[in-house]
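Good morning. Please look at the structure on the screen while I go through a few of its features.

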Amino acid sequence: MSEHVDTSRRRFLGGTAGAAAGISIAPGVFLNQVAQAKPADQPVSSDNRWGMLIDTNKCGDGCDACVRGCMEENGWGDIHNSEPHSSPEQKAQWIRIVELRDTSTGYAHQLPLMCQHCKHPPCVDVCPTGASMKRADGIVLVDKHICIGCRYCMMACPYKARSFIHEDLQDQLVVAPRGKGTVESCTLCVHRVDKDGADAVPACAEACAAEGHDAFVFGDMNDPNSEISRQLALHGGTQIRADLGLDLGVRYRGI
């Protein structure tokens, strides 16, 4: 694993960004446009580590605003009639609601679960082409140009956070190119991060705040003055399956 972005790959992606619009890049894979990249004079830096703190105590009963917000922003899910020929089990889930229940008391509450943006991501370790990659700022992504759809990353992910696309897709959004035969997952709304930096608010967090719950705090975990760092310093945060030693970029309170 590397903390550094492969500059030759970045040059390749940058050089093909314009040409990729509206062309088929491989059999069964069609991208409308590659994701926005940071300006060349503002490179991704390991000085930042973008992460999320989710307070499950603030999640509303039955609320799925974060899921709907992600769907709307990134163009997946039933609200876009995406993947109409796939079964519910096959359809993409960039973020999903998981119910936790204490079997001894019956107490139950829910949490949103997505890619945990591991510092040591197993999906990157097993990828045979380098399509699964971690940026220097901690965001774990899939390079759709070189993903061959082997799904090793899906098997390696302890959080079942990745999805495989089984069918041709229509009406994709510019910020989130997708393709049949490739794997996808939460990007932490990387297009917003690259545009707004520390002021960015991922769509899930924005939708949650709009519902009045404010369960999400996004920010730079390397900045001791960021809100997420202050919250973690004051109240701590739980990593799901911390025993795996993956050092997650998504932390939880209330579980």
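Asp214 sits in the loop between α6 and β10, the latter covering residues 216-220. Helices here are DSSP runs of H or I with at least four residues, strands are runs of E with at least two, and both are numbered from the N terminus. Before I go on, this is a predicted model, in which local features need pLDDT of at least 70 and side-chain atom pairs count only at pLDDT 80 or more, while totals for chains, interfaces and linings use all residues. Residues are numbered from 1 along each chain as its sequence is written, and side-chain values use heavy atoms, with hydrogens and water left out.

Asp214 is not a glycine, yet its phi is positive, about 50 degrees. Is Asp214 buried or exposed, or something in between? Asp214 has a relative accessible area of 44%, so it counts as partly exposed. The cut-offs, with a 1.4 Å probe and protein chains only, are under 20% relative accessible area for buried, over 50% for exposed, and partly exposed in between.

Arg241 is another residue other than glycine with a positive phi, near 55 degrees. Arg241 is in the loop between α7 (227-235) and β11 (250-253). With a relative accessible area of 44%, Arg241 is partly exposed.

Next, the salt bridges. A salt bridge here means a side-chain nitrogen of Lys or Arg within 4 Å of a carboxyl oxygen of Asp or Glu. How many does the structure hold? There are 15 salt bridges, and I will go through some of them.

Arg178 and Glu184 form one, at 2.7 Å from N to O. Arg178 and Glu184 are both buried.

Glu206 and Arg192 form another, with the closest N and O atoms 3.3 Å apart. Glu206 belongs to helix α6 (residues 203-210) and Arg192 to helix α5 (residues 190-196), so this pair ties together parts that are 14 residues apart in sequence. Glu206 is partly exposed, at 43% relative accessibility, whereas Arg192 is buried, at 15%.

Asp247 also makes a salt bridge with Arg251, at 3.1 Å from N to O. Asp247 is partly exposed at 25% relative accessibility, and Arg251 is buried at 12%. Which residues are linked in a network of salt bridges here? They are Arg49, Asp247 and Arg251.

Now the aromatic rings. A pair of aromatic rings is described by the distance of the centres and the angle of the planes. Rings of Phe, Tyr and Trp (its six-membered ring) pair if their centres lie within 6.5 Å; planes under 30 degrees apart count as stacked, over 60 as edge-to-face, and the rest as tilted.

The structure holds one aromatic pair. Trp50 and Phe218 make up this pair, which is stacked, with 5.7 Å centre to centre and 15 degrees between the planes. Trp50 is in strand β3 (residues 50-55) and Phe218 is in strand β10, so the pair ties together parts that are 168 residues apart in sequence. Trp50 is buried, with a relative accessible area of 5%, and Phe218 is buried as well, at 11%.

On to the cysteines. A disulfide is a covalent bond between the sulfur atoms of two cysteines. In the search, a disulfide is a pair of cysteine sulfur atoms within 2.5 Å. The search of the whole structure finds zero disulfides. For Cys66, the nearest cysteine sulfur is that of Cys63, 6.4 Å away. Cys66 is buried, at 6% relative accessibility. For Cys147, the nearest cysteine sulfur belongs to Cys153, at 6.3 Å. Cys147 is buried too, with a relative accessible area of 15%.

One more residue is Met155, found in helix α4 (residues 152-156). Met155 is exposed, with a relative accessible area of 62%. Met155 and Cys123 are 32 residues apart in sequence, and their C-alpha atoms are 8.2 Å apart in space.

My last topic is the second largest pocket. A pocket is an open set of points, on a 1 Å grid over the protein atoms alone, with protein on both sides within 12 Å along at least five of seven lines; lining residues have an atom within 4 Å of a point. The second largest pocket is lined by 14 residues, and Glu89, Lys91, Met154, Arg162 and Ser163 lie nearest its centre.

Conventions: On a 1 Å grid over the protein atoms alone, a cavity is a set of points where a 1.4 Å probe fits but cannot get out, and a pocket is an open set with protein on both sides within 12 Å along at least five of seven lines; lining residues have an atom within 4 Å of a point.
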